[in-house]
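Trainee: Hi, could you walk me through this one? I'm new to it.
Mentor: Happy to, let's open it up.

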Amino acid sequence: MPYDHLNGNGSTIAFADTGFTAEIKRFNEPAESIEVLDKTHLGSDFTTRRPGVVHDFGEMSMTINYDPDTTPPVGLMEEVTITYRPPPGSAPGTVGAKRKFDGFISSFEPGEASNDTIGEATITVQVDGDVQRIDSAAGP
């Protein structure tokens, strides 16, 4: 019986089409940025700037625990869901906050294996489009 690498109390990342899931050890959320438009002209007394309309969530990197018997979906565009652990003191069945977006793994670097049934890797996930933020929700 393979090791269940998903900790029910931890944060996870899941890829919808391939079903690849992993426990997140540490990560950074995608940083949101927008283009800055320089509106300064020859008659300006000061530099003037305006926000652009294109948002860029870029990429995120993380260290994961995964089942080495599964194949990571490197280079496959999928819906990605990150689920945080529920807030401390939450009612039983509470689901932690989520982040959903389209994206793909652009880099997969295997790391140390703690034993023969769990693997560690550092991955880079490219974000395509918007990131949907979903608050924690009470269970049934």
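Trainee: What share of the contacts join residues at least 24 apart?
Mentor: Counting contacts (heavy atoms within 4.5 Å) between residues at least 6 apart in sequence, 63% join residues at least 24 apart in the protein chain. Keep in mind that this is a predicted model, where local features need pLDDT of at least 70 and side-chain atom pairs count only at pLDDT 80 or more, while totals for chains, interfaces and linings use all residues. Residues are numbered from 1 along each chain as its sequence is written, and side-chain values use heavy atoms, with hydrogens and water left out.

Trainee: Okay, how many helices and strands are there?
Mentor: The protein chain has zero helices and eight strands. Those are DSSP runs numbered from the N terminus, with helices being H or I of at least four residues and strands E of at least two.

Trainee: In what order do the six strands of the barrel go?
Mentor: The order is β1-β2-β5-β8-β7-β6, with antiparallel pairing. Two strands pair if DSSP finds at least two bridges between them.

Trainee: And how many bridges do β1 and β2 have?
Mentor: Strand β1 (residues 12-15) pairs with β2 over three bridges, in the antiparallel sense. For instance, alanine 14 has threonine 21 in β2 as its bridge partner.

Trainee: Switching topic, how many aromatic pairs does a search of the whole structure find?
Mentor: Four. Rings of Phe, Tyr and Trp (its six-membered ring) pair if their centres lie within 6.5 Å; planes under 30 degrees apart count as stacked, over 60 as edge-to-face and the rest as tilted.

Trainee: Why is the pair of phenylalanine 27 and tyrosine 84 called tilted?
Mentor: Because their ring planes are at 45°, with the centres 5.8 Å apart. Phenylalanine 27 sits in strand β2 (residues 21-27) and tyrosine 84 in the loop between β6 (78-83) and β7 (98-110), 57 residues apart.

Trainee: What about tyrosine 66 and phenylalanine 108?
Mentor: That pair is edge-to-face, because the planes are at 80°, and the ring centres are 5.4 Å apart. Tyrosine 66 is in strand β5 (residues 59-66) and phenylalanine 108 in strand β7, so the pair ties together parts 42 residues apart in sequence.

Trainee: Is tyrosine 66 buried or exposed?
Mentor: Buried, with a relative accessible area of 9%. Buried means under 20%, exposed over 50% and partly exposed in between, using a 1.4 Å probe and protein chains only. Tyrosine 84, at 22%, is partly exposed.
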